[in-house]
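Hi everyone, thanks for making time today. Let me put the model up on the screen, and then we can walk through the packing together.

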Amino acid sequence: MTPRRPWRWPRKTGIATLILPADVSWEEGAEPAVPLNVRPRPHAAPALIERIAEVVATGEETVLFLGGDVLASPEGQLAAARVAAGTGVRLLAETFTARTARGGGLPHLNRLPYPPQLAIPALAGTKHLVLAGATAPVHFFGYPGLPGHPVPEDCTVHVLSQPGEDGVAAIEALAELAAPGAEPARQELERPELPSGPLNPRAMSAVIGALLPEDAIIVDEALTSGVGLTEMTSAGPRHDWLSLTGGAIGDGLPMSLGAAVACPDRPVIGIQGDGSAMYTISALWSFAREQADITTIICDNSSYAILQHELVNVGAATDGKRARQLLDLGGPALDFVSIAQGMGVPASRATTAEELAEQVRHALAEPGPHVVVATLR
């Protein structure tokens, strides 16, 4: 089998908007226009790089907080790891990122945890927070008795680059100035062993990590079912990781379709919560129409678990029967195998780790869309 040629995301990307007058459908005379030159991203000023270099050299507890184009670029990540190796600063990635390059040969990057009870301790003691392609973190929701952000009150926030600027160039310049000659720590290529027995979130994550193909695109909307998923894929074959960046669940299926249309020569693996899948389930029909090479693993725990967790966090959990029904996907139970097949997508159900491995292996080997429903217990 001929190996795939690695595909690299362009560094200059953005939203493309096309506005057409109504009469374009029936009038003659339109002519192709000359493409406009791409406007370069703003670069950080040399004086700013020098000031940040002084900050990371202080020896005080410093976190280099990565996001945006820095996480999307292997070069950006390796430059950040050089800074860490040369100065002792700690690297931390944004909780939710549009795209992250991952895999063996790249640094291991911990993400800022989502729950505030974990995010606050993750930054405790930090004296300097340096933003590289990111904005200062805030909690996703307001929570009673907790501050709105995890940054310590005595921490100074420094902006190396913000979204929309060339963060990769900034972090590379910082590495040259603050850590010349430093070697970045890299992960060795490693996969987890295929698990056996009951199918729970960690077993599902191990199956995905063990079978992950080279140059894949992972679309993550596993939500509460993603326990161990980032950990067990982190050092695998090179891949890109796409995830939601806002609060509206349900983007996983359409995001998978977009990735497959944009990169038809790359396998797409979507890990999809069952509750959020119902918001955009019609995307499966488009999978079939496009014959997109997407393997969708639906995490079937029969509940809107992410919403249940948030109700507990904000102190709004209740024992009321009506409230429980709103967060329960039973009565009637959802049959995702039948739903997918009804929209033209081959589908199967796995109830053990062995069944999941067999079905995912088959789906990855056969072109076109497939749905594998992982019944989690």
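Leu-66 touches Leu-71, Ala-80, Leu-92, Ala-93, Glu-94, Leu-109, Ala-132 and Ala-134, leaving out residues up to four places away in sequence; contact here means heavy atoms within 4.5 Å. A word on the ground rules: this is a predicted model, where local features need pLDDT of at least 70 and side-chain atom pairs count only at pLDDT 80 or more, while totals for chains, interfaces and linings use all residues. Residues are numbered from 1 along each chain as its sequence is written, and side-chain values use heavy atoms, without hydrogens or water.

By nonpolar core I mean a set of buried Ala, Val, Leu, Ile, Met, Phe, Trp, Tyr and Cys residues joined through side-chain atoms within 4.5 Å. Buried is under 20% relative accessible area, exposed over 50%, and partly exposed in between, with a 1.4 Å probe and protein chains only.

The largest nonpolar core has 27 residues, and Leu-64, Leu-66, Leu-160, Ile-171 and Leu-174 have the most contacts inside it. Its largest share, six residues, comes from α1; helices (H or I, at least four residues) and strands (E, at least two) are DSSP runs numbered from the N terminus.

Asp-240 lies in strand β7, residues 239–243.

Finally, the whole chain: 47% of its 377 residues count as buried, and its secondary structure comes to 14 helices and eleven strands.
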